[in-house]
Every structure is written in structure tokens, then in C-alpha cells.
Amino acid sequence: MADWISFFDSDNPIYVNARHRAVHARLVALGIGHYIGKPGMSVLDYGCGEAFYAERIADQSARLMLCEAAPHLRQSLKQRFADNEKITVLSPEDAAHLPDGCADLIVMHSVAQYLTRDEAAALFALFRRLVRKDGRFVLGDVVKPDVTALTDAAALLGLAAANGFFLAALFGLVRTLLSGYWKLRKDAGLTRYSEVEIASVLAAAGFSAERAADNLGHNQARVTFVAKPK
Ligand SMILES: C[S@@+](CC[C@H](N)C(=O)[O-])C[C@H]1O[C@@H](n2cnc3c(N)ncnc32)[C@H](O)[C@@H]1O
């Protein structure tokens, strides 16, 4: 397995058990829901992964576009949401052809660390074209240079302790240590940004961005930026 998309397209150990998956889905749904300020919004979730929160977001909006690069994962999303007329599943190529100003809210959560700096800059430019003038782009889970794997492990254990899956999380950490995740994290690495750097990359794409008070999701060592078109 050579790259992150292949990793996320495989049977991976990101969630330690079903409880972890459900807790993650609830937190991300609450986090995205916080940015759905009015009825009738069009939402693009870029790099949505399994999107076990998607129905909750669709319930609060007029349209939810889920974009996923991993082909098998995307196919399973298409099957899961075939009956939900508010949800459309897109490839990155589909997203690149969406019309200008088609989204009130674009969310990209826990994806930037898997992109090269050039890929991120190109996506931010695409999002600037796709977001409405009064819309928002929410960039979640940005990994700062000083955040170590130990900090991430501690955040997972804290989430697990608070939600009744501490032992499973301990075993899960051992399992991921033995899995492709840590090897890939060591080899391919994660792309990290200081707050100044990410704000300047967003500015170069035509956004003015501010750090949100809370990160979307459980890991408060990472940060969320809310970007508005300049
Ligand atoms: C940790 S998951 C995040 C899923 C979801 N946003 C969430 O918070 O639950 C990371 C996502 O990044 C996507 N990804 C990784 N590398 C990518 C790339 N080069 N281009 C587009 N998406 C990528 C993966 O396919 C995966 O869906």
C-alpha cells in the first residue's frame, strides 16, 4: 500500500470498534451542523470517508454532496445513499466540474494532512470557485507541526475513556501500530501547517480565514479554520 487513498480504500483500522465509529460520526455531525446556519443550504463534504454522519447533515440541509477519492469507498457510499435524494456522491473529478457558487458550505475535515501542499492549494482554489460569496469553507483537523503521534494517541484514549471504549482503544492502538497506518504515517508522513502558514495558503486561494474556537471532531490538539471568500 503506497498512498493514503489506497489506505482509506482498504479495510483499515481507523475505528477501533463500532462504538468509536458511532461516537466519531456524532461528533462530526454536531461539528458540521454548527456551521449550517439556515435551512436550505447546499453542503459539500470533501474527503468524506465513510460519512456515517451523512444522513444527519442531509436532514439539516437541502443538498449534501459527498466527495470521496477512494474508489471502493465511493462505490459503497453510492450504494448506501442511493435512496436519499438529498445526497449525491462525487469523485474528485466530478467535484472539479461543479458549477461556480454551488455550495453554501464546504467542509474538508481530517484530509489536509494527507494532501501535499500543492494538492491542498489547488483544492482551496477550487473551493473558492465553488463556494457562494456569502458561504463558508470549514477546514477541520489541521495538524500543527508540534503535534506528535503520542498526542493523537492520547486524544483517542481520552475520547474512548469518556465514551466507554477505553480497552478497545488500547487494543486498537496496538493493532494500528502493527498495521499499514503507522508505516504510511512514517513513510508518506502527514502534512503539517502552522496557523500562520495555513491562513496564508487560504489567503492565496482568495479566502480570509480565522481559527475556530474548537476543532471539529475530538482532537483538540488539532485546529479548525473557518474561511470566507475575500
Ligand atoms: C481520516 S479520513 C476523513 C474522513 C471524514 N472527513 C471524517 O472526518 O470522518 C481521510 C480522507 O482523506 C481522503 N484522502 C486522502 N488522501 C487524499 C487525496 N490525495 N485526495 C483526496 N482525498 C484524499 C481519504 O480518501 C479519506 O476519505
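1. Strand β5 (residues 131-142) and strand β7 (residues 223-229) run antiparallel and are joined by four bridges. Strands here are DSSP runs of E with at least two residues, helices are runs of H or I with at least four, and both are numbered from the N terminus. Two strands count as paired if DSSP finds at least two bridges between them. Within this pair, Val138 has Val226 of β7 as its bridge partner.

2. The model is predicted: local features require pLDDT of at least 70, side-chain atom pairs are counted only at pLDDT 80 or more, and totals for chains, interfaces and linings use all residues. Residue numbers start from 1 along each chain as its sequence is written.

3. Strand β7 also pairs with strand β6 (residues 207-211), in the antiparallel sense and over five bridges. Here Arg211 stands opposite Phe225 of β7. A further pair is formed by strand β2 (residues 63-67) and β3, parallel and over four bridges; Met65 is placed opposite Thr88 of β3.

4. These strands belong to an open sheet of seven strands with mixed pairing, in the order β3-β2-β1-β4-β5-β7-β6. The edges are β3 (87-90) and β6, each of which pairs on one side only. From one strand to the next, the twist averages 20°. In general, strands of a sheet pair through backbone hydrogen bonds, either parallel or antiparallel.

5. Turning to the helices, the axes of α7 (residues 149-163) and α8 (residues 166-178) come within 8 Å and cross at roughly 155°. Axes are lines fitted to C-alpha atoms, for helices over the stretch in contact, and angles between N-to-C directions run from 0 to 180 degrees. The two helices α7 and α8 are therefore roughly antiparallel to each other. The classes are roughly parallel under 35 degrees, roughly antiparallel over 145, roughly perpendicular from 65 to 115, and oblique for the rest.

6. Contact involves Ala153, Leu156, Leu157, Ala160 and Ala161 of α7, together with Phe166, Ala168, Ala169 and Leu173 of α8. Residues are in contact if their C-beta atoms, placed from the backbone, lie within 7 Å. By class, this contact of α7 with α8 has nine nonpolar, no polar and no charged residues. Nonpolar covers Ala, Val, Leu, Ile, Met, Phe, Trp, Tyr, Cys and Pro; charged covers Asp, Glu, Lys and Arg; the others, including Gly, are polar.

7. Helix α6 (residues 117-130) and helix α10 (residues 195-204) have axes that come within 8 Å and cross at roughly 50°. That angle makes α6 oblique to α10, and their crossing is right-handed. Ala120, Ala121 and Phe124 of α6 meet Val201, Leu202 and Ala204 of α10. The contact of α6 with α10 comprises six nonpolar, no polar and no charged residues.

8. Around the ligand there are 17 residues, of which Phe8, Gly47, Gly49, Ala69 and Tyr114 come nearest; a residue is near if its C-beta atom, placed from the backbone, lies within 6 Å. Helix α1 (residues 4-9) supplies the largest share of this shell, three residues. By class, the shell has 11 nonpolar, four polar and two charged residues.

How values were computed. Left-handed = near helix turned anticlockwise from the far one by under 90°. Contact = placed C-beta atoms within 7 Å.
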